[in-house]
Amino acid sequence: MTRRYDFIIVGGGSAGSVLASRLSENPKASVLLLEAGPRDWHPFYKMPAGFAKMTKGIGSWGWYTVPQKHMNDMVIRFTQAKVLGGGSTINAQIYTRGNPLDYDEWRQMGCTGWGYDDVLPYFRKSEDNDTYDNQFHGKGGPLGVSQPAAPLPICEAYFEAASQIGIPRNYDVAGETQEGVGYYQLTQRDARRSSASVAFLNPVRNRPNLTIRTGDEVRRVIVENGRAVGVDIIGEGNIYADAEVIVSSGAIGTPRLLQLSGIGPADHLTDLGIDVVFDQPQVGANLQDHLDLFVIAECTGPHTYDRLAKPFWSAVAGLQYLVERKGPVASSLFETGGFWYAEESARSPDIQFHLGLGSGIEAGVAAMKHGGVTLNSAYLRPRSRGTVRLASADPAEAPLIDPNYWADPHDRDMAIKGLKIAREIMRQDALKPFVKQEVLPGPDIRTDEDYFSYACANAKTDHHPAGTCRMGADDAAVVDPELKFRGIDGLRIVDASIMPTLVSSNTNATAIMIGEKGADMIRTTHGV
């Protein structure tokens with residue numbers, strides 16, 4: 001096997017797949033993409049409804065948070081992808097970008113070149129949108145972005161219920177305005193998942209200058225004389241990069257790898273017996289995530305997809321999907337939602353809803369015996385900050401993931417307000433033909449203390465970690481606005497970990513945008 005490449009990319013997720021595709025467009029640049037997980041062969045990875053299997057373990061590292069001290073020591077399953085395509089292979093395929101003000105705030109924080117006007121062209125560059133071709137959306141890009149293929153009548157009733165409490169309909173929450181409820185566009189093409197692997201890697205995997213390796217876990221980044229020169233692969237040894245090592249292992253995986261490499265908080269590394277290569281206290285700090293609270297109601301009939309849990313109906317749905325590319329299997333199960341305000345004075349929507357077309361869809365969430373519907377709510381701009389640290393120097397041991405949820409009481413207050421709005425929507429007349437009764441939180445949950453206790457028993461992650469290798473212009477930032485690691489040459493970080501603050505929505509589209517913009521920066525640096 002070749003032992004030297006121009007570029008080594010560690011992590012074949014949303015950003016890493018984009019980087020491998022774009023950097024290998026120049027036939028003179030040799031590119032190695034390393035992914036710890038397997039190829040995305042499994043049929044569930046292709047079917048939109050396969051998402052229901054993903055949060056329950058397929059394609060995941062199987063990690064959990066540490067006990068959350070501000071939530072009665074609750075431990076939360078923290079799904080992180082371990083498969084080619086990363087989160088884009090196992091997520092609910094929701095294509096949202098955050099609010100334009102999120103990116104303008106990045107620019108105001110010193111991240112020159114990361115305002116909304118700067119990043120919008122990269123969002124559009126990726127897209128092959130089946131509905132829009134305008135100043136906000138593009139056609140002809142690698143990434144399929146589509147309207148839902150299998151909406152149900154309860155979705156329209158949800159829109160009407162929201163309007164009954166003053167929340168308007170919005171036909172494109174990734175367009176001119178974010179506020180309102182509507183169908184989410186999805187990373188799908190022809191009713192099949194359009195993951196970063198499918199969209200960016202499959203068309204180019206035969207390029208002679210691109211090597212894609214799966215099942216290869218990197219033990220450490222090799223640094224010599226202040227420069228990243230390669231990586232050490234477990235069970236194989238060293239491979240070298242002549243231009244750059246690019247770490248794209250996500251908001252948990254990237255700080256984990258850096259710390260295993262001796263790059264991070266010196267006191268923490270020393271305590272674990274890891275030789276300190278570079279003392280950077282902010283590696284693994286600034287962790288942010290969206291915490292999800294939900295309403296589950298029992299339905300008056302088979303208005304959602306819960307009946308598919310029965311083998312007969314599952315077989316019928318599978319046959320319909322194979323023949324028509326329609327029906328339940330063509331649904332992402334969370335293709336309906338929207339954005340609204342918990343805090344009336346917020347500069348933009350600060351609550352996001354996801355309408356789940358069933359119950360028990362995600363791991364740890366209750367299923368209704370006779371069928372149900374779920375409405376998730378999440379506070380979008382948490383003030384709490386957590387950490388990713390190592391449990392030991394052993395790369396086989398899971399990291400210590402501490403989102404530190406609700407360390408700032410403001411996050412708890414806003415999350416509870418969001419849940420109250422979700423409950424109010426579900427009680428409106430428009431949904432009464434579909435909804436028999438609320439089961440969770442249930443009629444006994446009335447006071448804020450009741451809500452707190454309910455959350456500590458039922459909250460879950462929205463799978464949106466970010467910020468652990470913060471980008472900035474200040475000396476404490478881990479990377480500069482060109483995503484170069486401050487203090488180590490030849491090392492760049494390109495993934496969701498570089499976000500200084502979490503965007504106000506799902507994060508996959510933003511990770512793909514970061515990959516697109518990062519690739520352009522790298523090509524400019526090296527003239528490739």
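Q: Taking contact to mean heavy atoms within 4.5 Å, which residues does Gly358 touch, not counting residues up to four places away in sequence?
A: This is a predicted model in which local features need pLDDT of at least 70 and side-chain atom pairs count only at pLDDT 80 or more, whereas totals for chains, interfaces and linings use all residues. Residues are numbered from 1 along each chain as its sequence is written, and side-chain values use heavy atoms, with hydrogens and water left out. Once residues up to four places away in sequence are set aside, the residues that Gly358 touches are Thr304, Asp306, Gly372, Val373 and Thr374.

Q: Is Gly358 buried or exposed?
A: Gly358 sits in the loop between β18 (351-356) and β19, where strands (E, at least two residues) and helices (H or I, at least four) are DSSP runs numbered from the N terminus. Buried means under 20% relative accessible area, exposed over 50% and partly exposed in between, with a 1.4 Å probe and protein chains only. The relative accessibility of Gly358 is 1%, so Gly358 counts as buried.

Q: How far apart in space are Gly358 and Lys46, C-alpha to C-alpha?
A: Along the sequence, Gly358 and Lys46 are separated by 312 residues. In space, taken from C-alpha to C-alpha, the separation of Gly358 and Lys46 is 20 Å.

Q: Which residues does Asn376 touch, not counting residues up to four places away in sequence?
A: Asn376 belongs to strand β19, which covers residues 372-379. The relative accessibility of Asn376 is 3%, and Asn376 therefore counts as buried. With residues up to four places away in sequence left out, the residues in contact with Asn376 are Asp292, Leu293, Phe294, Phe334, Gln352, Phe353, His354, Glu362 and Lys460.

Q: What is the omega of the cis peptide bond that joins Leu440 and Pro441?
A: Pro441 is located in the loop between β22 (435-440) and α12 (448-458). The peptide bond that joins Leu440 to this proline is cis, with an omega of about 5°.

Q: What value does phi take at Asn286?
A: Asn286 is placed in the loop between β15 (278-279) and β16 (291-299), and its relative accessibility of 12% is why Asn286 counts as buried. Its phi is positive although the residue is other than glycine, with a value near 65°.

Q: Near what value is the phi of Leu333?
A: Leu333 lies in the loop that runs between α10 (311-324) and β17 (336-340). At 8% relative accessibility, this leucine counts as buried. Leu333, a residue other than glycine, has a positive phi, and that phi is near 75°.

Q: Which residues in α13 are met by residues in α5?
A: On the α5 side, the contact is made by Val119, Tyr122, Phe123, Lys125 and Ser126. The residues that these meet in α13 are Ala509, Thr510, Ile512, Met513, Glu516, Lys517, Asp520 and Arg523.

Q: How do the residues of the contact of α5 with α13 divide into nonpolar, polar and charged?
A: In this division, Ala, Val, Leu, Ile, Met, Phe, Trp, Tyr, Cys and Pro count as nonpolar, Asp, Glu, Lys and Arg as charged, and the others, Gly among them, as polar. Among the residues of the contact are Val119 and Phe123 in α5, and Glu516 and Arg523 in α13. The residues of the contact of α5 with α13 divide into six nonpolar, two polar and five charged.

Conventions. Contact = heavy atoms within 4.5 Å.
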